[in-house]
Amino acid sequence: SKHLGNVLEPMPLMEAHGADAVRWFFAAAGSPWATRKIGHSTLEEIVRKVLLTYWNTVSFLVLYANAAAAQGEVWSAGRLAEAPPVAARPVLDRWLLSELHALVRDVTIALDAFDSTTAGRKIATFIDDMSNWYVRRSRRRFWDGPGTPDGAAAFATLHECLETLTRLMAPVTPFLTDYVWGVLRGDGAADSVHLASWPKEDPGLIDETLSEQMALARRLVELGRSARAAAVVRVRQPLARALIGAPGFAGLPADIRAQVADELNVRELDTLASVEEGLVDYTVKPNFRALGGRFGKGTPPVAKAIQTADAAALAADLRSAGQASVMVDGAPVSLGPDDVIVTQVPRSGWAVAPGAGETVALDIAITPELRREGLAREVIRLVQDARKGDGLDVSDRISLRWSTADPDLSAALTEHGTMISTEVLAVDYGPRQSESADPEAREHVEADLGLVFWLRRTVPTA
């Protein structure tokens with residue numbers, strides 16, 4: 001393509017001058033991020049979390065546009081009209097476009113009121129949402145290419161968001177956005193982002209309900225990750241099910257539930273109400289510092305009442321009503337959340353993470369079938385890392401041969417061979433049949449897993 005075909009080089013000035021260059025960018029625009037109170041470390045954080053994330057997201061779009069071109073499917077801004085209408089696009093696209101048009105509305109209002117701080121924060125939040133949720137959840141669709149309806153929708157959605165975002169950022173980072181504009185702009189667009197019109201929001205695309213539903217989904221994912229971390233279960237290890245307890249979960253559409261299940265790497269999602277027995281045991285202890293401030297010399301009998309109370313009932317009252325009571329010398333004494341230290345101990349086979357009235361419980365019992373799939377996913381990660389280390393392009397097809405003395409790993413590599421070869425683009429896959437070395441294949445040894453594999457780039461056949 002005329003513009004997207006450009007290969008993005010390292011960010012101009014930023015690599016050479018780092019935070020000093022970014023300070024100059026912001027100072028030139030009168031940005032709130034350029035005040036004297038901001039130190040060097042804060043500027044570096046802004047570069048990493050905001051500008052480099054924005055830059056890397058543009059690079060992602062360019063990378064996959066070029067990968068599609070290498071496969072004979074050229075994509076450029078001129079093909080935006082080929083994408084399905086917004087209402088027919090997947091839920092992630094509709095959500096991101098809703099967030100985009102809300103951003104245009106909010107940033108316009110903020111800048112009209114000379115509130116550049118609010119505008120900057122809104123932009124930073126959107127960049128994080130776009131990169132760390134939308135792009136990460138949509139990689140498969142970009143790899144499928146613009147020739148599929150889902151792929152065309154993904155390319156069009158991300159391009160619109162980046163093009164609009166670039167115009168919104170132009171007053172704050174004038175030189176960086178002008179460079180990016182030269183990559184993103186389509187035929188007939190203004191030569192400079194500073195000659196382009198200011199974007200206008202489309203109220204019909206702003207869906208507050210969808211925004212709330214996706215926010216809930218992301219909170220549940222964070223809780224699920226916390227539960228995995230506490231149980232020391234790798235994210236790549238599939239699990240049988242997750243149980244959810246959260247207001248609004250029952251109303252989540254199936255496609256958003258599917259995002260949660262895939263992100264948590266579980267086969268099934270269900271509600272906490274589907275299990276009769278509790279998944280955690282509770283212990284309660286008096287918080288002597290808080291109690292001492294309230295009861296002074298009367299603290300010991302209150303503390304004793306807490307220690308002898310029904311822990312589960314006390315914890316339930318504190319969680320649901322924000323207060324509980326215990327009997328002291330025949331009279332009820334009211335307690336608040338700060339007066340009691342509540343500890344949850346997951347029952348065997350479960351990992352539970354609560355937070356702000358929402359709970360995710362993971363069934364961490366791993367069957368042999370689940371373990372083999374987890375091994376296969378770990379091998380995919382290792383091969384993908386090896387591809388990068390060997391300097392292969394994202395679209396390069398490979399030959400992948402492997403050897404292991406571990407029967408479980410061998411079974412996993414065989415059982416999930418189709419999934420592995422599809423993910424790593426292996427057109428030739430299987431165990432190594434002989435000791436004769438392939439002079440073009442590079443050997444990779446993974447001692448911890450007990451695996452050796454060889455890969456090389458294959459030449460496409462006519």
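1. Helix H6 first. In this predicted model, H6 covers residues 149-169. At 1.5 Å a residue, its 21 residues should span 30 Å, and the end C-alpha atoms do sit 30 Å apart, so expectation and model agree.

2. Is H6 mostly buried or exposed? Of its 21 residues, 18 are buried, so the rest of the structure largely encloses this helix.

3. Now for the pairing of H13 and H14. Two packed helices are described by the angle between their axes and the distance between those axes. Here, H13 (residues 368-389) and H14 (residues 407-415) have axes that come within 8 Å and cross at roughly 75°. Since angles of 65 to 115 degrees count as roughly perpendicular, that is the label for H13 relative to H14.

4. Which residues make that contact? On the H13 side they are Arg371, Arg372, Leu375, Ala376 and Val379. H14 brings Asp408, Leu409, Ala411, Ala412, Leu413 and Glu415. By type, the contact of H13 with H14 has seven nonpolar residues, four charged ones and no polar ones.

5. Ile380 is worth a look while you have H13 on screen, as this residue lies in that helix. Its relative accessible area is 11%, and because buried means under 20%, Ile380 counts as buried.

6. What does Ile380 touch, leaving aside residues up to four places away in sequence? The partners are Met419, Ile420, Glu423 and Val424. As for Leu413, it is 33 residues from Ile380 along the chain, and the two C-alpha atoms are separated by 10.0 Å. Leu413 is also one of the H14 residues in the contact with H13.

Notes:
Residues are numbered from 1 along each chain as its sequence is written. This is a predicted model: local features need pLDDT of at least 70, side-chain atom pairs count only at pLDDT 80 or more; totals for chains, interfaces and linings use all residues. Side-chain values use heavy atoms; hydrogens and water are left out. Axes are lines fitted to C-alpha atoms, for helices over the stretch in contact, and angles run from 0 to 180 degrees between N-to-C directions. Helices (H or I, at least four residues) and strands (E, at least two) are DSSP runs, numbered from the N terminus. Angles under 35 degrees count as roughly parallel, over 145 as roughly antiparallel, 65 to 115 as roughly perpendicular and the rest as oblique. Contact means heavy atoms within 4.5 Å. Ala, Val, Leu, Ile, Met, Phe, Trp, Tyr, Cys and Pro count as nonpolar, Asp, Glu, Lys and Arg as charged, and the others, Gly among them, as polar. The expected span of a helix is 1.5 Å times one less than its number of residues. Buried means under 20% relative accessible area, exposed over 50%, partly exposed in between (1.4 Å probe, protein chains only).
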